[in-house]
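Please open the structure in your viewer and keep the selection tool at hand.

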Amino acid sequence: MPVPLLDIHRQHEPIMERLRGVFEKALETSGFIKGPELQALETEFAEYCGTSHAVGCASGTDALILSLMALDVKPGDIVITSPFTFFASAGSIVRAGGVPAFVDILPDTFNMDPSLLEAFLERHCAVTDRGVVHKPSGSRVSAVMPVHLFGQPADMDAIIPICREWGIPVVEDACQSVGGEWSGGKAGSFGAAGCFSFFPSKNLGALGDGGMVTTDDPDLARKLTRLREHGGSGYVHETVGFNSRLDAIQAGFLRVKLGVLDSWHEGRRRNAAYYDDAFRDLEEVSAPVTDGRSRSVYNQYTLRAGNRDELLEHLRKKEIGCAVYYPLPLHLQPCFAFLEYARGDFPESEKASEEVISLPVFGELTTDELDRVVEAVREFYGG
Ligand SMILES: *Cc1c(COP(=O)(O)O)cnc(C)c1O
């Protein structure tokens, strides 16, 4: 019997009737765009994240692009992020007209290393009357985008004060970390804007694409609301925006799921703890490290493993769902060759991309399935 990496159907089974109810209501009312379902989700989602506003949009990628634009990232501006992440973190910067600049990750949490962020700013940047300027290129540095990878927030106790001191807004890429906590605060509540994805395989997944931006700034919320609908209000357009809305039917599905999300997170944490115990004595693998100040929601359970590629093959043969997130760091992507980075520039990201492997961790896994995963890993190392 195969063990899937993720089985969304199992998650949906107990809420199937309520999801059908959402569909039927949408069909009967013909309310497909915006409307009360979206408003209710935005209110509930902001409350869940501990922010005063939330603005729905069409995807996590759009949430990032809209946030960067709303924060006045102009063509050619630099946005700092880390290279060990899903493509959209940097792709969104380019689509917003900006230029990504990378700083490496911490080897334990895979998240942006705050001391490297600080070093980048101190070595290469200066505060001028145009704002913070990157001295070698003369470009403005207009945002920092920490990624909360695999369900665990980046070190917000360090990153937020650095950015405040320099006067650079923070856009959190919280696409993998809805509900994740750092020092008691929720992902998406620390920066100027928090960006979320409702791609079906995320912890809070729609039945299609969707995204959300959280913020405490009412002006930014207003700008975002305009930008997602062609940049105007009514038929007067002061800016050129997008068509990037969250469908009412998806908002309805997401409201049902948001109500049970914390219990799903509990299941993921339980399964992660099960693996942590089971792999403790295996020298060849290291379990994911959670910082003492964080609570991960384990969008992924990601090990570092010796002979990773052979382990991957072994698990696939045993029909154990597994994947490598991410095999090629963003500074080495062909489309970013123009940034002129080279192999060796971000050694921790490069090492992580060679060593990581993610195992099934969704909350509905049975103990029998967990044991089969553990057994297959132990068998590979002969333990
Ligand atoms: C999923 C994801 C995104 C993009 O979200 P989409 O909804 O697929 O556009 C951005 N950043 C990270 C880190 C992600 O995991």
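This is a predicted model: local features need pLDDT of at least 70, side-chain atom pairs count only at pLDDT 80 or more; totals for chains, interfaces and linings use all residues.

Begin by selecting D173 together with the ligand: a polar side-chain atom of D173 lies 2.8 Å from a nitrogen atom of the ligand. Such a pair is a polar contact, that is, a pair of N or O atoms within 3.5 Å; within protein, one must be able to donate a hydrogen and the other to accept it, and residues adjacent in sequence count only if both atoms are side-chain atoms. Select Q176 next, where an N or O atom of the side chain is 2.8 Å from an oxygen atom of the ligand.

Residues are numbered from 1 along each chain as its sequence is written, and side-chain values use heavy atoms, with hydrogens and water left out.

Now widen the selection to the shell around the ligand. It holds 14 residues, and the closest are G60, T61, D173, S197 and K202 (a residue is near if one of its heavy atoms lies within 4 Å). By class, five are nonpolar, seven polar and two charged. Here Ala, Val, Leu, Ile, Met, Phe, Trp, Tyr, Cys and Pro count as nonpolar, Asp, Glu, Lys and Arg as charged, and the others, Gly among them, as polar.

Which helix supplies the largest share of this shell? Select α4, which gives three residues. Both α4 (60-70) and α5 (88-95) supply at least two residues each. Helices (H or I, at least four residues) and strands (E, at least two) are DSSP runs, numbered from the N terminus.

Next, display the largest pocket, in which the ligand sits (more than half of its atoms lie within 2 Å of the grid points). On a 1 Å grid over the protein atoms alone, a pocket is an open set with protein on both sides within 12 Å along at least five of seven lines, whereas a cavity is a set of points where a 1.4 Å probe fits but cannot get out; lining residues have an atom within 4 Å of a point. The volume of the largest pocket is about 470 Å³, where grid points are joined across faces, edges and corners and a volume is the space filled by probe spheres set on the points. Its lining has 30 residues, with F199, S201, K202, N299 and Y326 nearest the centre.

Select Y326, in the loop between α11 (308-317) and α12 (347-355). The peptide bond from Y325 to Y326 is cis, with omega near 10 degrees.

Finally, go to F150, in the loop between β6 (139-145) and α7 (156-166). F150 is not a glycine, yet has a positive phi of about 65 degrees. Most residues other than glycine have a negative phi, and most peptide bonds are trans. F150 is also among the residues nearest the centre of the largest cavity, which is lined by 14 residues. This cavity holds about 100 Å³ of space.
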